Amino acid sequence: MTASGPRNNSRMGQPRPDVAHDGPFRTALGPLLADFSAGKIDGVGFQQGVLAALTEPDVQQIIATAADTARATAADATIWRHDFGDRDITISVIHLRAGEVHPPHHHHNVTSVQVILEGRVSGREYDRIRRLDETHVLLKPLSDGQLRVGSRLLAQEWSRNAHWFAASADAPALIFNCNARGFEARTFDMSDGRPLGRRLLLPSRTATDEGIVAREIDVAEAYETFGAIALKDWPSPATVLSPAVAEVKSD
């Protein structure tokens, strides 16, 4: 991490300008977005369509060019972003500086596909079990460890929605990112005017018999807590099987 301290990569509540793209991503994803908006496919279907598009040579070339830009500028490179009014799509290559952290967070009405392109990245993923109150969510840990090049983070409303990740301390990393917001008709939290996108979390260092309790926090607390530490320095407690589950397993 640089002497200036942790890099705040949160854009929560910040307007983002459209970035025009009339190339292969718009061709491949336009019909998917239309079907997603109409309810003909769900988040999983959208993710499958994006992954299929990533096998196309012209799409791969666009990503490679964006990766070159991100590497040269040490900043995210946006390929396509379009705001449809109540929903939006962003395609980009995310640049992580050495040691840079995206703190723990979950998402409101976001479907994303992220693929590690370059560098060493560590990450943790969780399922959301349920909301406990206005500021606390119960999480089920799913994965924890190194994300090799080619590894995927597939977050959607009902699966693997919460995660955090960081580049190793010795080198930058690049991540392909496709982020569609506002397309789910049914959401974990009520869609009552709440802003789309990430909500930062403080996962407990201990687990209950159901999972890990996480408190929603603001940007300042998130980066003060997580902005300059490696994931391994924050314990990931093992959850304890509930009595009912343990009883089934003992039969």
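Reader: In this predicted model, how many of the 11 residues of α2 are buried?

Author: Happy to start there, with a reminder that the model is predicted. The buried set of α2 consists of G43, G45, F46, Q47, G49, V50, L51 and A53. Elements that cover these residues include α1, α3, β2, β4, β7 and β9. Helix α2 is thus mostly covered, and its number of buried residues is eight.

Reader: Which residue caps the N-terminal end of α2?

Author: Look for a side-chain oxygen placed 3.2 Å from the backbone nitrogen of V44. Helix α2 spans residues 43-53. The residue that supplies this oxygen, and caps the helix, is D42.

Reader: Are α1 and α2 roughly parallel or roughly antiparallel to each other?

Author: The axes of α1 (residues 24-37) and α2 come within 10 Å of each other and cross at roughly 175°. An angle over 145 degrees counts as roughly antiparallel. The two helices are therefore roughly antiparallel.

Reader: How many charged residues are there in the contact of α1 with α2?

Author: On the α1 side the contact is made by A28, L29, L32, L33 and F36. Helix α2 brings G43, G45, F46, G49, V50 and A53. Eight of these residues are nonpolar and three are polar. For charged residues the answer is none.

Reader: Which strands are at the edges of the five-stranded open sheet?

Author: The strands of this sheet follow the order β1-β2-β9-β4-β7, with antiparallel pairing. Direction ignored, neighbouring strands are turned by 15° against each other on average. An edge strand pairs on one side only, and here those strands are β1 (77-83) and β7 (152-155).

Reader: What angle does the direction of α1 make with that of β1?

Author: Helix α1 packs on the sheet, where it touches β1, β2 (88-96), β4 and β9. Helix α3 (residues 57-73) lies across β1, β2, β4 and β9 too, and runs at about 115° to β1. For α1, the angle with β1 is about 35°.

Reader: Is R81 buried or exposed?

Author: R81 lies in strand β1. Beyond its neighbours within four places in sequence, R81 is in contact with R16, P17, D18, V19, D88, I89, T90 and R181. A polar atom of the R81 side chain also lies 2.8 Å from the backbone oxygen of R16. With a relative accessible area of 5%, R81 is buried.

Reader: Which backbone oxygen lies 2.7 Å from a polar atom of the side chain of H105?

Author: H105 belongs to strand β3 (residues 101-108), and its relative accessible area of 1% makes it buried. Leaving out residues up to four places away in sequence, H105 touches N161, A162, H163, R198, R199, L200 and L201. The oxygen you ask about belongs to P103.

Reader: What separates the C-alpha atoms of H105 and P203?

Author: These two residues are 98 residues apart along the chain. P203 falls within β10 (197-203). The separation of their C-alpha atoms is 9.3 Å.

Reader: Which backbone nitrogen does the side chain of T208 reach?

Author: T208 sits in the loop between β10 and β11 (212-216). At 33% relative accessibility, T208 counts as partly exposed. Its C-alpha atom is 9.4 Å from that of P237, which is 29 residues away along the chain. The side chain of T208 makes its reach at 3.0 Å, and the nitrogen is that of E210.

Reader: Is N109 buried or exposed?

Author: N109 is found in the loop between β3 and β4. Phi of N109 is near 55°, a positive value in a residue other than glycine. Its relative accessible area is 4%, under the 20% cut-off, so N109 is buried.

Reader: What is the phi value of R160?

Author: R160 has its place in the loop between β7 and β8 (162-167). At 28% relative accessibility, R160 counts as partly exposed. Its phi is positive, in a residue other than glycine, and is near 50°.

Key:
Residues numbered from 1 in each chain as written. Predicted model: local features only at pLDDT ≥ 70, side-chain atom pairs only at ≥ 80, totals over all residues. Heavy atoms only, no water. Axes fitted to C-alpha atoms, helices over the stretch in contact; angles between N-to-C directions. Helix = DSSP H or I, 4+ residues; strand = E, 2+ residues; numbered from the N terminus. Parallel < 35°, antiparallel > 145°, perpendicular 65-115°, else oblique. Contact = heavy atoms within 4.5 Å. Nonpolar A, V, L, I, M, F, W, Y, C, P; charged D, E, K, R; others polar. Pairing = 2+ DSSP bridges. Buried < 20%, exposed > 50% of the residue type's maximum accessible area, 1.4 Å probe, protein only. Polar contact = N/O pair within 3.5 Å; in protein donor to acceptor, adjacent residues only side chain to side chain.
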